[in-house]
Amino acid sequence: MSVGSYMISDGVGLVERRYETWHEPLQLESGVTLAPITLAYEMYGRLDPARRNAVLIFHALSGDAHVAGRNRPGDRKPGWWDNMVGPGKAFDTDRFCVICANVPGGCQGSTGPSSVDPLTGQPYNLTFPLVTIPDMVSAQVRLLDTLGIERVVAAVGGSMGGMQVLQLAVAHPDRVRLAIPLATTARSSAQAIAFCAIGRRAIVSDPRWREGNYPADDPPADGLAIARMVGHLTYLSEERLRWRFDRQLQQASALSYTLEREFAVESYLEYQGRSFVDRFDANSYLYITKAMDYWDLTRHYGSLATAFEQARARFLVASFSSDWLYPPGESEAIVQALEAAGRPVDYHALSSSLGHDAFLLETELLTPIIEEALDRAMLF
C-alpha cells in the first residue's frame with residue numbers, strides 16, 4: 001500500500017506517486033504509435049492475494065492520479081475525491097485497492113506534450129500525437145496487465161472519467177464487473193465541443209503560446225487562465241452562482257463606474273484561472289479537450305445500443321438535475337441504450353443545485369448507492 005505512517009483524520013494519509021514505463025509501442029486510434037509511454041498512478045489500500053479487489057478510478061479533464069490523501073505533509077489540500085476514497089468511505093480502502101492513473105496526454109507525470117521526445121531530446125510540444133478516450137483506456141488496461149489485475153470490481157469516473165468508464169466496459173468487457181459513469185455522456189454534444197473550442201482558442205491566441213513551443217517558465221498563462229475560467233463556469237450552476245455570489249461587490253460598497261473588476265464572481269473566476277496555470281500545462285489542455293471532442297461511443301458500432309451489446313458489466317448511472325454541461329438527458333440516453341441491449345442498469349437522477357461539479361461534491365447522495373452497487377458486484 002502506498003501509504004506512509006503520517007495520517008490525517010478520516011483519510012488515507014501520505015500517498016506515493018508511482019510510475020510505469022513501457023517501451024513497447026502503444027497503437028493509437030490515429031494509426032500512430034507512441035513509445036516509450038509512462039503512466040503516473042497512485043494506489044490506495046492493498047490488493048488481495050488473488051488481485052480481485054481493485055477499483056479503477058478515471059479522472060476528469062482537470063484532474064490527475066491524486067485522488068485522495070496528500071503527497072507531502074505540507075500539502076494544502078488532499079486529493080480531488082478525498083471525500084469518497086479512504087477507510088470507511090464509499091470506496092473503502094480497508095476493503096478495496098483503489099487505483100487512479102494520470103491519462104496519456106496529461107501533465108502530471110504521464111507521457112504528454114511536455115514530456116521529452118527521446119528522438120530529439122526536446123519536449124514533444126505539438127509533435128506529440130493526438131490521443132483519444134479509447135487510447136487513454138488502452139494505456140490504463142496495460143497498467144492493469146502490469147499489476148496482474150485481470151478484472152476490476154468497478155470502474156468509476158465522472159465527466160471525462162465517465163467517458164473512459166463506458167469505453168472500458170464496451171471495448172474491454174471482461175475487465176470490469178461494475179461500471180459507474182457519473183455526470184457524463186456517450187458522445188460529446190455540439191455545446192460541449194463549443195466550450196472546448198473557446199478554451200483552445202484562448203490558449204493559441206496568447207502571444208506566449210509560441211505555436212506550442214513555449215518555455216516551462218513562461219507559458220501562455222493568460223490564455224490558459226481564460227480557458228479555465230470558461231471551463232469552470234460550465235461546472236457550476238446558475239443557482240449555485242446566485243447563492244454564493246449574486247451581485248455581491250468584491251470590496252467597495254458602491255459601483256465605481258469604471259471597467260475595473262468589481263463583482264465577487266469576477267474575482268472568483270480570476271482566482272480559478274490563476275491557480276490552474278500553476279498546476280496544468282497549456283498544450284495538455286489542448287490535447288485532452290480535443291480527445292473529449294472526438295468522443296463518440298457510437299462511432300464504431302452504429303448505435304449506442306449496439307455498442308452496449310458488447311458489455312458484460314452491471315451499470316450504475318447517475319446524473320444531477322442542475323448539470324448543464326452533461327444534463328440528465330445524456331445519462332438517460334445511456335440508460336435507454338443499456339436497457340435496449342439487455343444490460344443490467346440502475347439509474348439515479350439526483351437532485352442537486354451544485355451543477356456538473358455535483359459528482360465531486362455530493363458525497364451524501366452518492367455514497368449509499370455506490371456502496372450498495374459495490375456490495376452487489378462483489379457477489380459475482
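**Close-up views of a predicted model**

**View 1. Surroundings of arginine 142.** Apart from neighbours within four places in sequence, arginine 142 is in contact (heavy atoms within 4.5 Å) with Trp22, Glu24, Pro25, Leu26 and Ile37. The model is predicted: local features need pLDDT of at least 70, side-chain atom pairs count only at pLDDT 80 or more, and totals for chains, interfaces and linings use all residues. Residues are numbered from 1 along each chain as its sequence is written, and side-chain values use heavy atoms, with hydrogens and water left out. Arginine 142 sits in helix H1; helices (H or I, at least four residues) and strands (E, at least two) are DSSP runs, numbered from the N terminus. With a relative accessible area of 19%, arginine 142 is buried; buried means under 20% relative accessible area, exposed over 50%, and partly exposed in between (1.4 Å probe, protein chains only). Leucine 26 lies 116 residues away along the chain, and its C-alpha atom is separated from that of arginine 142 by 9.3 Å.

**View 2. Polar contacts of arginine 17.** Arginine 17 belongs to the segment before strand E1 (18-22). It counts as buried because its relative accessibility is 18%. Its side chain makes a polar contact with the side chain of glutamate 42 (2.8 Å). Such a contact is a pair of N or O atoms within 3.5 Å; within protein, one must be able to donate a hydrogen and the other to accept it, and residues adjacent in sequence count only if both atoms are side-chain atoms. A polar atom of the arginine 17 side chain also lies 2.9 Å from the backbone oxygen of glutamine 108.

**View 3. Glycine 79 in its loop.** Glycine 79 is in the loop between strand E5 (54-58) and strand E6 (85-86). Its relative accessible area is 8%, so glycine 79 is buried. Histidine 66 is 13 residues from glycine 79 in sequence and 5.1 Å from it in space, C-alpha to C-alpha.

**View 4. The nonpolar cores.** A nonpolar core is a set of buried Ala, Val, Leu, Ile, Met, Phe, Trp, Tyr and Cys residues joined through side-chain atoms within 4.5 Å. The largest has 77 residues, of which Ile99, Leu297, Phe308 and Phe315 touch the most other members. Helix H1 (residues 133-147) gives the most to this core, with 8 residues. A second, separate core has 35 residues, including Met84, Val85, Leu178 and Ile369.
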